[in-house]
Protein chains: 2
Amino acid sequence: MERKGNLMTHRPDIKVFDATLRDGGLVNNFYFTDDFVKALYLTNLRAGVDYMEFGYKASKDIFDPAKFGPAKFCDEEWLRSVVGSNETGMKISVMADVGRCNLQRDLLPKSESVIDMVRIATYINTMPAAIEMIEYAHSLGYETTCNIMAISKTNSADVDEALEMLAASNVDGVYLVDSYGSLFPEQIQGLTKQYLEHMEKAGKFVGMHAHNNQQLAFANTVESCSMGASFLDATVGSMGRGAGNCAMELLLGFLKNPKYNLTPVLSFYGQYILPLKEEGLKWGYDIPYLLTGKLNLHPSSAINFTKEDRRDYAEFYNELFDME
Amino acid sequence: MERKGNLMTHRPDIKVFDATLRDGGLVNNFYFTDDFVKALYLTNLRAGVDYMEFGYKASKDIFDPAKFGPAKFCDEEWLRSVVGSNETGMKISVMADVGRCNLQRDLLPKSESVIDMVRIATYINTMPAAIEMIEYAHSLGYETTCNIMAISKTNSADVDEALEMLAASNVDGVYLVDSYGSLFPEQIQGLTKQYLEHMEKAGKFVGMHAHNNQQLAFANTVESCSMGASFLDATVGSMGRGAGNCAMELLLGFLKNPKYNLTPVLSFYGQYILPLKEEGLKWGYDIPYLLTGKLNLHPSSAINFTKEDRRDYAEFYNELFDME
């Protein structure tokens, strides 16, 4: 399998996907101001972003609405308060986690909703439940993806099985998700090939969602893209759980398609993202995330280390060996 | 040219090169405390680092010793106050810039010095002067390298010419230096091949010195390494000019040779590097460096933007187009 495109040209199949509210919401329990959300929507429109994810479609039976901002639930009226009927070329996405939502109750038929895409997030062992959700959302008229999380913890044969199940489903695309930020570009290359081998013949796309634990989120996104992944997740200022994601400003700085425009994202960063950091919200590359990434562990212990303002990195590294 | 080694094995030819005092010295005018320098020396010994660069061998005729710390000049007595006679397996390096030093006066014969290696930094247009310095240092008994800076601004035919001159010289190795942090892994792959084609037949090694403007310093170092570069520069906490360098903690976390040990570097980071940041020293990835890297410009304007605590990133981006 050859690289697709080169550093001078652009590939029309590429879609830039903004996940700032969704992955970034994991940092602040989805408490974004309406002003923030509207400004991000306008920024993404001006920047030429193809898809904007507004958050999760989480069940209010499981998550108390008093403890989370509206992006956790993405009610139709909240979405419309931001986007109206979204008469734009940018599509709107929400994420639904297996086991944490009630799509039968909470998802309207596509004809009654401004949502265009539902992304189903799953671990590999709940693939049948994920496919059931995909088929349901598809039957309502939505575009769908399956985001198989924590791929660095799964074995290759299981991945092949899951990809075959998805190839036979009505899903539109499948995401390679490096939840722990532990994969290297060489591994991303191999995994992207593996995903494409199953998906291309079924007419489905492959996406990439990276985490920045080892400062490889951008490099891995570029690598996956150059091997043929076409849906590329990014967040402004890398805002996302733990070490955060591929930065939108890096991705738009890299892509050569003249439809993309970096300037509005730079303005949004200065006006809306930097103040969040100054208020004390913490995310982004730091030593503890490097360590969980290197050891292929969930970032939760690193998030705690960072919240506690600990600085005994060597001791933390030693503690992590007990968790492997 | 195939990749050398894989992610599970280790290559015995790899040398880890700590440039914290030298590139980091550009952040604080080389004012490191003796305690810092001694602790870093011990850290590097415990971590299994192969070479430690103590700073520049700058001429005191050109740089006022009252305005810089001792790592700017690397006098023999200062080096010995830290390392004694350095009865260790770790080698000691200094850097000499073309046009900014007086090696005839300031470099002792190797038999009288604890220095093992002299790295000659040059732009491609001063290659004859660089080779004269290389031959002089070689004649005194030192290992030498040539670090060709700002390679992203040179054309490929000129690089070939320079590499042929170096292949015919007594230099021990040649460094690929991405001074502006503007190169992508795909480009690093091609450049590393180009360097190796000239150097391998002459029995010389290739090294990699990366900058982190686009969060690619580590990815580019791994890429260059996997293509056959063997001398890998890193700095603790990425400390270095502008966006800084490949982080030592990322590099040691990646390398599989059991001689390398990450733990002492983590301790040093918490005890010595974090306090520098807290005192207000600024370096490391940030939006303005991304912009100069993307536009293949010297980081000086980004360094000024950062010092002035500006946050009008979009305006800065617009200003930069006039500098291209």
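## How the copies meet

Of the interface residues of chain A, 100% are interface residues in chain B as well, so the two copies meet through the same surface. This is a predicted model, in which chain A can be laid on chain B with an RMSD of 0.0 Å by a turn of 180° and a shift of 0.0 Å along the axis. The two copies are thus related as by a two-fold rotation axis.

## The barrel of chain B

Chain B holds a closed barrel of 8 strands, which runs in the order E1-E2-E3-E4-E5-E6-E7-E8 with parallel pairing, and the twist from one strand to the next averages 25°.

## Helices against the strands

Helix H5 (residues 127-139) of chain B packs on the sheet, where it touches E3, E4 and strand E5 (143-148), and its direction makes about 165° with that of E5(B). Helix H6 (residues 156-167) of chain B lies across E5 and strand E6 (173-177), running at about 175° to E5(B).

## The nonpolar core

In soluble globular proteins, nonpolar side chains tend to be buried together. Here the largest nonpolar core has 248 residues, and those with the most contacts inside it are Phe54(A), Ile148(A), Phe54(B) and Ile148(B). Leaving aside residues up to four places away in sequence, Ile148(B) touches a set of residues including Thr122(B), Met127(B), Ala162(B), Leu163(B), Leu166(B), Val174(B), Val177(B) and Tyr195(B).

Notes:
Residues are numbered from 1 along each chain as its sequence is written. Chains are lettered from A and ligands numbered from 1 in the order in which they are written. This is a predicted model: local features need pLDDT of at least 70, side-chain atom pairs count only at pLDDT 80 or more; totals for chains, interfaces and linings use all residues. Side-chain values use heavy atoms; hydrogens and water are left out. Two strands pair if DSSP finds at least two bridges between them. Helices (H or I, at least four residues) and strands (E, at least two) are DSSP runs, numbered from the N terminus. Axes are lines fitted to C-alpha atoms, for helices over the stretch in contact, and angles run from 0 to 180 degrees between N-to-C directions. Contact means heavy atoms within 4.5 Å. A nonpolar core is a set of buried Ala, Val, Leu, Ile, Met, Phe, Trp, Tyr and Cys residues joined through side-chain atoms within 4.5 Å. Buried means under 20% relative accessible area, exposed over 50%, partly exposed in between (1.4 Å probe, protein chains only). Copies are superposed by least squares on the C-alpha atoms of residues with pLDDT of at least 70 in both.
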